[in-house]
Amino acid sequence: MRTALVIGTGLIGTSAALALAGRGVHVHLADHDPAQARTAAAMGAGSDAEPEGPVDLVIVAVPPAHVADTLADAMRRGLARGYLDVASVKGGPRRELEAKGCDLTHYLGTHPMSGRERSGPLAASADLFEGRPWVLTPSRDTDTEVLNLALELVALCHAVPVVMDADAHDRAVALVSHTPQLVSSMVAARLQNADETAVRLCGQGIRDVTRIAASDPAMWIDILSANPGPVADVLAELADDLAETVRALRSLESGAEDAREDGAAGIADVLRRGNAGRVRVPGKHGAAPAAYDTVTVLIGDQPGELARIFADADRAGVNIEDVRIEHATGQQAGRIQLVVEPNAVQPLTVALRERGWPLRP
Ligand SMILES: NC(=O)c1ccc[n+]([C@@H]2O[C@H](COP(=O)([O-])OP(=O)(O)OC[C@H]3O[C@@H](n4cnc5c(N)ncnc54)[C@H](O)[C@@H]3O)[C@@H](O)[C@H]2O)c1
Ligand SMILES: O=C(O)C(=O)C[C@]1(C(=O)O)C=C[C@@H](O)C=C1
């Protein structure tokens, strides 16, 4: 692929554009808000000038409700050899394009399974898709050329291609993405009117569970409106678990010994099923979760501290697999957990101690 046009230069469009531009593809950027395209261009994602002729690939990265219209318009104008979108739902946009009478041979619906709770080009990064699944939903009509262009895009973004049927994709993301978004929002919503004394106690658990509750409601209304049935099915199962858990807790509360045993068994059941589900969540790079160890360090809440600790780890030849930061409420310090290979714990601990970092158990 030599040229591409990204339409919709928000988080996803700009991230793909940065990856492509960084690997030598000539990228054009367009957005219905020209300021967004200008920002993406200023970040090095490409040029916000119109392409002079057809490009190799058009990548449509606009909110789901606008995907079909945007694609239909780009196809009508003959902007490219191949067209794809990255929307979080796949069945609806395809059916809309069919209803508009578009020729779907040069179109492929795709979905990178990577994102953030923030929107816009400034939240973008070239490595957003690295090691993450990128779903491709070809149909019998899909031309090999557009499939090859999509595979090249996925490879240039260092993602992992996964081929699926569009409706199977929508059922899968109802389970692993759309329901978790709603549950995160519902847990966070409990805090809206909560007493400040309770909110002050927020620790890492609630931060983990509510990170995606900060997502853009407008985008998610679009996504959920395009996948309501499968999401409602998963939520209904969840509602059964909730009802059962409330019943178990009431039994525990009752004080009668039989009822308490029954309640404890109910709670144990849901927690154990949770453990069994959690171990199935793939780890970094889509592989099975690796057995990493953690080195915990007390870190000051001031500019440059993170860069300094990363540089010290790098100097010790240690690769940091993941990072978690726990902020202590009301203090100018937090605990940083550096997640590393087990055999890196000793050299990292020694190096950090030598550099004066306060290690914590
Ligand atoms: N955010 C995620 O985590 C995530 C992950 C994977 C896929 N997606 C999908 O990627 C797409 C973009 O999401 P995002 O998170 O980058 O959103 P975003 O809000 O960061 O960016 C969307 C951009 O599209 C522009 N836009 C809106 N309507 C347009 C139109 N008609 N023509 C041209 N530009 C238009 C907006 O101005 C904005 O710059 C969505 O379809 C979403 O479902 C999102
Ligand atoms: O990590 C996040 O912030 C996301 O929610 C990303 C996430 C997801 O559910 O995995 C959200 C929606 C997209 O369609 C794809 C990815």
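These are my notebook entries on a predicted model of one protein chain with its ligands.

**Entry 1: ground rules**

I note that the model is predicted, that local features need pLDDT of at least 70, that side-chain atom pairs count only at pLDDT 80 or more, and that totals for chains, interfaces and linings use all residues. Residues are numbered from 1 along each chain as its sequence is written, while chains are lettered from A and ligands numbered from 1 in the order in which they are written.

**Entry 2: the whole chain**

I looked up the overall extent: the C-alpha trace spans about 70 × 55 × 40 Å along its principal axes. The secondary structure comes to 13 helices and 11 strands. Helices (H or I, at least four residues) and strands (E, at least two) are DSSP runs, numbered from the N terminus.

Of the 361 residues, 31% count as buried. I use buried for a residue with 20 or more other C-beta atoms within 10 Å of its own, exposed for 12 or fewer, and partly exposed for in between, with C-beta atoms placed from the backbone.

I then checked contacts, where two residues are in contact if their C-beta atoms, placed from the backbone, lie within 7 Å. Among contacts between residues at least 6 apart in sequence, 69% join residues at least 24 apart.

The domain assignment gives domain 1 (3–164) and domain 2 (293–360); such bounds come from an automatic or database domain assignment. The centres of domain 1 and domain 2, taken over C-alpha atoms, are 37 Å apart.

I went to strand β3 (residues 55–60) and found five of its six residues buried. Strand β1 (residues 3–7) runs parallel to β3, and four bridges join them. Val6 has Ile59 in β3 as its bridge partner. With strand β4 (residues 80–85), β3 pairs in the parallel sense over five bridges; pairing requires that DSSP finds at least two bridges between two strands. Val60 stands opposite Asp85 in β4.

**Entry 3: helix α2**

In helix α2 (residues 34–42) I listed the buried residues as Gln36, Ala37, Thr39, Ala40 and Ala41. The buried residues of α2 pack against α1 and β2 (26–30). Gly44 follows α2 and has a positive phi, near 95°.

**Entry 4: two histidines**

Is His106 buried or exposed? His106 is buried, because 20 other C-beta atoms lie within 10 Å. His106 is found in the loop between α4 (91–99) and β5. Leaving aside neighbours within four places in sequence, His106 is in contact with Arg81, Gly82, Tyr83, Asp143 and Val146. Between the C-alpha atoms of His106 and Ala80, 26 residues apart along the chain, I noted a separation of 9.1 Å.

His158 lies in the loop between α5 (144–156) and β7 (160–163). His158 has a positive phi of about 60° although it is not a glycine. His158 has 17 C-beta neighbours inside 10 Å, so it counts as partly exposed.

**Entry 5: the ligands**

Which residues come nearest to ligand 1? Of the 28 residues around ligand 1, Gly8, Gly10, Ser88, Gly115 and Ser119 come nearest. The elements that give two or more residues to this shell are α1 (11–22), α3 (64–76), β5 (107–112) and α9 (217–225). A residue is near a molecule if its C-beta atom, placed from the backbone, lies within 6 Å of it.

By class, the shell around ligand 1 has 12 nonpolar, 13 polar and three charged residues. Ala, Val, Leu, Ile, Met, Phe, Trp, Tyr, Cys and Pro count as nonpolar, Asp, Glu, Lys and Arg as charged, and the others, Gly among them, as polar.

Around ligand 2 I found Ser88, Met113, Ser114, Gly115, Arg116, Glu117, Ser177 and Ile212. The shell around ligand 2 has two nonpolar, four polar and two charged residues.

**Entry 6: the antiparallel sheet**

I traced an open sheet of four strands in the order β9-β10-β8-β11, with antiparallel pairing. The edge strands, each pairing on one side only, are β9 (322–327) and β11 (359–360). Six bridges join β9 to strand β10 (residues 333–340). Glu326 stands opposite Arg335 in β10.

Helix α12 (residues 305–315) packs on the sheet, touching β8 (293–300) and β10, and its direction makes about 140° with that of β8. Helix α13 (residues 345–354) also packs on the sheet, touching β8, β10 and β11, with its direction at about 15° to that of β8. Axes are lines fitted to C-alpha atoms, for helices over the stretch in contact, and angles run from 0 to 180 degrees between N-to-C directions.
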